[in-house]
Amino acid sequence: MATAAEQWVLVEMVQALYEAPAYHLILEGILILWIIRLLFSKTYKLQERSDLTVKEKEELIEEWQPEPLVPPISKDHPALNYNIVSGPPSHNIVVNGKKCVNFASFNFLGLLDNPRVKAAALASLKKYGVGTCGPRGFYGTFDVHLDLEDRLAKFMKTEEAIIYSYGFATIASAIPAYSKRGDIVFVDRAACFAIQKGLQASRSDIKLFKHNDMADLERLLKEQEMEDQKNPRKARVTRRFIVAEGLYMNTGTICPLPELVKLKYKYKARIFLEESLSFGVLGEHGRGVTEHFGISIDDIDLISANMENSLASIGGFCCGRSFVIDHQRLSGQGYCFSASLPPLLAAAAIEALNIMEENPGIFSVLKEKCKRIHKALQGISGLKVVGESLSPAFHLQLKDSTGSREKDVKLLQEIVNHCMDRSIALTQARYLEKEEKCLPPPSIRVVVTVEQTDEELERAARTIKEVAQAVLL
Amino acid sequence: LILLTPFIPFFSIPVVWTLTNVIHNLAMYVFLHTVKGTPFETPDQGKARLLTHWEQMDYGLQFTSSRKFLSISPIVLYLLASFYTKYDAAHFIINTASLLSVLLPKLPQFHGVRLFGINKY
């Protein structure tokens, strides 16, 4: 019964085919021809690259001279003559067999040699072993990691925190997780190398503004606003970010955070704060530059810091609102694709946080020492102090440069060597000269830690003064 | 899959075929020619952020086999639909309009073209 009905319908259909209107049949014919054309057309690319003729190719091949695999460099390049440190880089450091007072490592709170931190690390070593052998998503998440994230979020008074296993990779993964091609980032000229690499990886438009110059930043933001008004549909899709460091590593100055927050709300951009040097240094309880200025932490969208300075551990963390940090768990490249932090370092960081929370007095002690040595080092002939009085890592630059960077570097190296002979360990600030966007002038970096006594600070200031007088005059 | 729709509603066969054709073309238009970018991170560092799926297919190479298949399938559906609707004029208009809306964006001349600035960013 069904088949008969179907056949009858089919017959009707075929009948209708003969009575079809002409335009329809023509259209169908065109479509069938189109199908045949599609089936037989070759694949081709839309934009052809300019083709070189065979002769041109041969010419180019003949002209090419291979560069040496290792370019020739002078024998006294700093990478070839490094100082060897035996023992931990704590307060007294043994450089090339000579015992010196350490003014070079970023060990601000002296937690590197702290027996409690070491005990916690050893206990965790016995419990978990050394490494995690896996990224966070692949059996690399231990309870110490979750614990550390919780503690950091509570300490910084944010909703959530996320841990990275390498301090450099923290900000270099956090920036490309949010800012993609077509977004605009306003960044300071003196931003550290990690920020520059993160910006390069994100492929966004970078607008540099002069260091700590809010008027320059406002000018750039205004220009961007005018462009946005010309093209509102594009503006709705582009995201705008401001990246600033709390305490700049290259200059030792603090960023003007209240003005940044004002600009943020005026021009609708998002702030990423990089607190590597200011975490555990600024503020009453060591919470960083937001506590220092008294700004609510909800105003800042993302705070990223590395634990290698004050916390004397390895790795870095980002903290902020929940939905901001959660995004990094899938799109932070350094989080998903590299092994997680070894649990002994996480336990050491937790213990260091405990110490920081228990005696908040060390932060004011550190500030005192910074101010003292800052005053003591003023007025050295030939060297000027670059950095704020509150910053524990500041630079000594030559007052009048000799004109060539190499000679400056050599002079400063002499000063450093002489200081090392008198058992004060200093170091020059090193940069990858070809890769930095805005290369800072060569300088000696002096670091103040809580462990240095006042008399050691006085001695260091005196030594530097004498050595500078001897070398530069 | 597409042919399951005839059995669900109680419309007549021509309406069912037109409906199938229109729904298929609409879905194809939305997924291939309207939605832009990628739902996941790609190794091309975001170059495809403003490109529809059709433009991203095979990295912009025209007339590859997947593109040919996706161009031919709405045409085949159109031919079947017009056969089953007995070449009725009203159905013809609807089917042809929906076929054109799906075929035109697939032409290589329309690669990256945004008419009237719709869907530009």
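A:Ile184, in strand β5 (residues 184-188) of chain A, stands opposite A:Asp205 in β6(A), where strands are DSSP runs (E, at least two residues) and helices are DSSP runs too (H or I, at least four residues), numbered from the N terminus. This is a predicted model, in which local features need pLDDT of at least 70 and side-chain atom pairs count only at pLDDT 80 or more, while totals for chains, interfaces and linings use all residues. Residues are numbered from 1 along each chain as its sequence is written, chains are lettered from A and ligands numbered from 1 in the order in which they are written, and side-chain values use heavy atoms, with hydrogens and water left out.

**Strand β5 and its partners**

- β5(A) is joined by 5 bridges to strand β6 (residues 205-209) of chain A, and the two run parallel; strands count as paired if DSSP finds at least two bridges between them.
- Between β5(A) and β6(A) the chain passes through helix α7 (residues 193-202) of chain A in a right-handed β-α-β crossover, meaning that, with the strands pointing away from the viewer, the path from the first strand over the helix to the second runs clockwise.
- Strand β7 (residues 240-245) of chain A also pairs with β5(A) in the parallel sense, over 4 bridges, and here A:Val185 stands opposite A:Phe241.
- A:Ile184, A:Phe186 and A:Asp188 point one way from β5(A), whereas A:Val185 and A:Val187 point the other way, and all are buried, that is, under 20% relative accessible area, with exposed over 50% and partly exposed in between (1.4 Å probe, protein chains only).
- In a regular strand the side chains alternate between the two faces of the sheet.

- A:Asn306 lies in strand β9 (residues 302-306) of chain A, and it counts as buried because its relative accessibility is 12%.
- Leaving aside neighbours within four places in sequence, A:Asn306 is in contact (heavy atoms within 4.5 Å) with A:Gly167, A:Ser276, A:Gly315 and A:Gly316.

**The interface of chain A and chain B**

- 35 residues of chain A are in contact with 34 residues of chain B.
- The rule finds 1 salt bridge across this interface, a salt bridge being a side-chain nitrogen of Lys or Arg within 4 Å of a carboxyl oxygen of Asp or Glu.
- A:Asp183 forms a salt bridge with B:Arg49, with the closest N and O atoms 3.3 Å apart.
- On the side of chain A that touches chain B, α1 (2-18), α2 (22-40) and α9 (232-237) are the elements that give two or more residues, and α2(A) provides the largest share, 11 residues.
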